[in-house]
Amino acid sequence: MTGIFEAYRTRPNTYDEMYADSGETRSAYAQLRRQVEQLTPDDLRTRADYLSHTYLDQGVTFDIGGEERPFPVDIIPRLIDNQAWSRVEAGVAQRVRALEAFLADIYGEGQVFNDGVIPRRVVTSSPHFLRAAKGIDPPAGVRVHVAGIDLIRDANGDFRVLEDNVRIPSGVSYVMTNRRAMSAGLPEAFAHHRIRPVTQYPAKLLAALRACAPSGVGDPTVVVLSPGSYNAAYFEHALLARLMGVRLVEGRDLVAQAGRVSVRTTNGLVPVHVIYRRVDDDFLDPVHFRRDSVLGVPGLLNAARRGNVTIANAVGNGVADDKLVYTYLPDLIRYYLAQEPILPNVDTWRCEDPGHREEVLDRLDELVVKPVDGAGGKGIVIGPRATPQQIEELRTRLLQDPRGWIAQPVVQLSTVPTLIGSELAPRHVDLRPFAVNDGEKVWVLPGGLTRVALPEGELIVNSSQGGGSKDTWVLAPEPGDPAVVAEPAADGAVLHPAQRTARAAAQREAADAERDQPQSLAPGAAQAQSQTQSQSQSQTQSQTQSQTQSQSQSGGSQSQSQSQSQTSTDGGNR
């Protein structure tokens, strides 16, 4: 390592995204390193300060402990090559499709319970399973319009899913503002990289929201519903509304009457068809949830039940964010999609399970223990860093409410060079890719929010805990980059009835194709047949014509059967 990277030292047993264990620069970072090495530490510090002041002037802030601070963005971007990103993209889209099917099932027929894939009590005991949402059939069948799936890279550099966010995922505004800021803060690096853009996100989101409007509405009215300017993510609410060209409203601006929703304007009430809400379920409708809420709209859920307004994301999605439900996602992917998970979970113990609980209690000082409904890094206890008193307090809480906790091994999140003071040092990062679902396709924003834990050795990266962020550069595809295709679920996996039917049909067609395939003759038999045919020229011509016609028909039947089998399998996977 040379220049500004000379003092940089990777952490043991940790995957550093710029440097391999041998000290060589990974290929994705080679050009960036050369560009950064041309700058002095003072140059980097000056540029970083410029980014901070720019964010403060533009109001790009985040509320931490009641204090508005500029959202920290590091001057060194995070780079992800296209091959790695293709796996992330396919895995996130797969996960969103499975979560969509799961939510439709548990708020509908509940077939997943009957087939024993996930216990009914796991779902119904979640505080975010809302019976008021049962039976609501959302337009276009979409409940997860926007998803944020949190990923980490383990010691081998493999991406794993840490948690799912399909309730009200936040942070996408910082993806866009980080990119704009970095184009000014490090312009020379932009000139030497082919980076996939992120500016199309507002247009993709608006198109998806409009596509999921109630049936029969030709030109739907979309609004962004915010709790107000005191909310920590209000900057994001305002930015998305402005970039989509729609109204930013609060609960008091909307009226629900006679099963329909309207917005108050200077010209009177205007019908509203799609509400991209950034208000929690508990406060969304005081008729069904918290009676003291002044942030929501009385009667909103009734309008949604009648199919006259789309709520994005749907009410009740929070059950899919439950970290105990998370442990069942690999099986749910197999069940609903008949595929093996592309992105694995982090290994997890379910504390409600007596066997798991016993092991966790014996290893509290070794594991990371999390509340299943926690958010923003709150409530997490990292065993190796906890005091004996904290361990005993955790033991008591876990025994009182085993269902409320999960445990995971301490995963050393990957590190990326980060400017600390005037030096570059490794800091742990995660990644939140954002997906948009329009009912036909799940589109994944190329990049996502990279959050970085700024204190040395810290593993909690959440912004609410004082973490920062990085611009995430997904490099453009190169010729020959392979596509990522999910493997079919193993034969022993429990499948949804629709998937069982599709797989059985594919197996029948494959068997028919094999049975119809012409049988090849043994060499000796072929020679005897040739000698017999040579005895009569006219008989040979007749037999040749007959065989040619027969083989042509058989080959066509085989080709058609294989095509139908492939189509059936692909259709089931979709």
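Where does Asn13 lie relative to α1 (30-36)? A few notes on this and other spots follow.

1. Asn13 sits in the segment before α1 (30-36); helices (H or I, at least four residues) and strands (E, at least two) are DSSP runs, numbered from the N terminus. This is a predicted model, in which local features need pLDDT of at least 70 and side-chain atom pairs count only at pLDDT 80 or more, while totals for chains, interfaces and linings use all residues. Residues are numbered from 1 along each chain as its sequence is written, and side-chain values use heavy atoms, with hydrogens and water left out.

2. Asn13 is not a glycine, yet its phi is positive, at about 60°. The residue is exposed, with a relative accessible area of 68% (exposed means over 50%, buried under 20%, partly exposed in between; 1.4 Å probe, protein chains only).

3. Ala140 also deserves a look: its phi is near 65°, a positive value in a residue other than glycine. You will find Ala140 in the loop between α5 (120-124) and β4 (146-153), exposed at 51% relative accessible area.

4. Please check the cis peptide bond between Ala312 and Asn313, where omega is about -5°. Asn313 belongs to the loop between β12 (310-312) and α12 (318-321).

5. The largest nonpolar core has 79 residues, and Ile275 is one of those touching the most other members. Such a core is a set of buried Ala, Val, Leu, Ile, Met, Phe, Trp, Tyr and Cys residues joined through side-chain atoms within 4.5 Å. Helix α3 (residues 82-106) gives the most to this core, with 11 residues.

6. Beyond four places in sequence, Ile275 touches residues including Leu254, Val309 and Ala312 (contact means heavy atoms within 4.5 Å).
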